[in-house]
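Let us walk through a protein model together, one step at a time.

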Amino acid sequence: MIKRNNLLIFILTIGVFGILNTEMGVIGILPDIADHFDVSVSKAGWLVSFFALVVAVSGPTMPLLFSGINRKKVMLLVLGVFVLGNIVSIFTSNFTILLLARIIPAFFHPIYCSLAFSVAAASVSKEEAPKAVSKVFIGVSAGMVVGVPVASLIASAISLQMAMVFFAAVNAVAFIATLLFVPSMPVEARLAYGTQLSVLKKSMTWLSIVTVILLNSAVFGVYSYLADYLKTVTNLSSNSISLLLFVYGGANIIGSIVAGKLLTKNAIKSVVTFPFALGVVYVILFFFGQFTVPMIIITLFWGILAGIGGNINQYWITSSAPEAPDFANGLFLTSANLGTTFGAAIGGFFISELGTPYVVLVGFLSLILSLVTIFLRNYMGSPTKQLSI
């Protein structure tokens, strides 16, 4: 039983990696896409921004619509759509078709990811659920940070088409592994749409959504400009910047592993501590970010905390609506994407008005506001305990 659960979680991790790899990996080959399709780099950027926008919009609805269907069939459907979208991307010479081959799978993205978190959590005891989810989050972290340099390397060493073959191959491996090794998972007690939507009546759910938007804004509002920060403030070379981005990515994966243990041991304490820990990193970044050695250490700890933060966000929303796990995971994906968009926009504003070093302000403001919503939710969940704190 344990071996079967471990295999299931491993396959889910590969599936999530394939889907996130398809979403984020394109960032590493945007200049190649712009040249190949004869469009500007900013227009090629639509492949990333439109994908993220569709995920944010479809996050709550698509997992809800597919919540009553056999989970294995749903996984195969989503992975199949991603494989087909990637195959079209390999062979098309039309940018509009390429854009459609990205947008259509993006609608299915929240279905698989929310399902992966729900299935992983349900495959173990309630106490061990955060640990199981954290393993799936390794796929999220790897997809977000490994796909970019790998796709870039393949495109520069071989060709743009081969980089896209890489995206298709990962999803195809996940599809075959799911087909062969994942047992049929019929939904025994289908939750009515009304029951799932009723979680939106709870103020705790909305406090959790706002918290996730703020925490993701705190991380990605600053991280979105890390490459620019390393270039203009720390004055690093392009190779050094790439290396530090790898450090951040590897640390992110470590953070996902650590998060499972922290949330299993003491979830509330971990959530409350997180904004303070990230705040300390940003203080050090602000005062010592121009120095290379401190910046390497900062990037390492920042990456670990970012990995922990992703797990905390998922836990915070799903624990506020345990009666509708698929829908709650969809809300998590939407909130996280909104937080990233919001944070990057505010971070860009601070950079244009005050300069690159002041991008940390979006992190500070988001963290301060998140503490308010965290304490409010804790107070509502356990008034006596929180008053004593």
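What follows goes from the domains to the cores and then to the aromatic rings.

This is a predicted model, in which local features need pLDDT of at least 70 and side-chain atom pairs count only at pLDDT 80 or more, while totals for chains, interfaces and linings use all residues. Residues are numbered from 1 along each chain as its sequence is written, and side-chain values use heavy atoms, with hydrogens and water left out.

Let us begin with the domains. The chain is assigned domain 1 (1-189) and domain 2 (195-380), with bounds that come from an automatic or database domain assignment. Taken over C-alpha atoms, the centres of the two domains are 22 Å apart. Here, 29 residues of domain 1 are in contact with 26 residues of domain 2, where contact means heavy atoms within 4.5 Å. The area buried between domain 1 and domain 2 is about 2,300 Å², and carbon and sulfur atoms give 70% of that. Buried area is the accessible area (1.4 Å probe) that two parts lose on being put together, summed over both.

Now look inside. A nonpolar core is a set of buried Ala, Val, Leu, Ile, Met, Phe, Trp, Tyr and Cys residues joined through side-chain atoms within 4.5 Å. Buried means under 20% relative accessible area, exposed over 50%, and partly exposed in between (1.4 Å probe, protein chains only). The largest nonpolar core has 78 residues, of which L12, I33 and Y112 touch the most other members. Helix α7 (residues 95-122) supplies the largest share of this core, 14 residues. Helices are DSSP runs (H or I, at least four residues), numbered from the N terminus. Because domain 1 (1-189) and domain 2 (195-380) both give residues to this core, it lies between them. Another core, of 38 residues, lies apart from it and includes V271, F274, F350 and L367.

Finally, find the rings. The structure holds 15 aromatic pairs. Rings of Phe, Tyr and Trp (its six-membered ring) pair if their centres lie within 6.5 Å; planes under 30 degrees apart count as stacked, over 60 as edge-to-face and the rest as tilted. F166 and F167 make a tilted pair, with 6.0 Å centre to centre and 45 degrees between the planes, and both residues are buried. Y223 and Y248, in turn, are stacked, at 4.3 Å centre to centre and 15 degrees between the planes. Y248 counts as buried because its relative accessibility is 2%.

How values were computed:
Helices (H or I, at least four residues) and strands (E, at least two) are DSSP runs, numbered from the N terminus.
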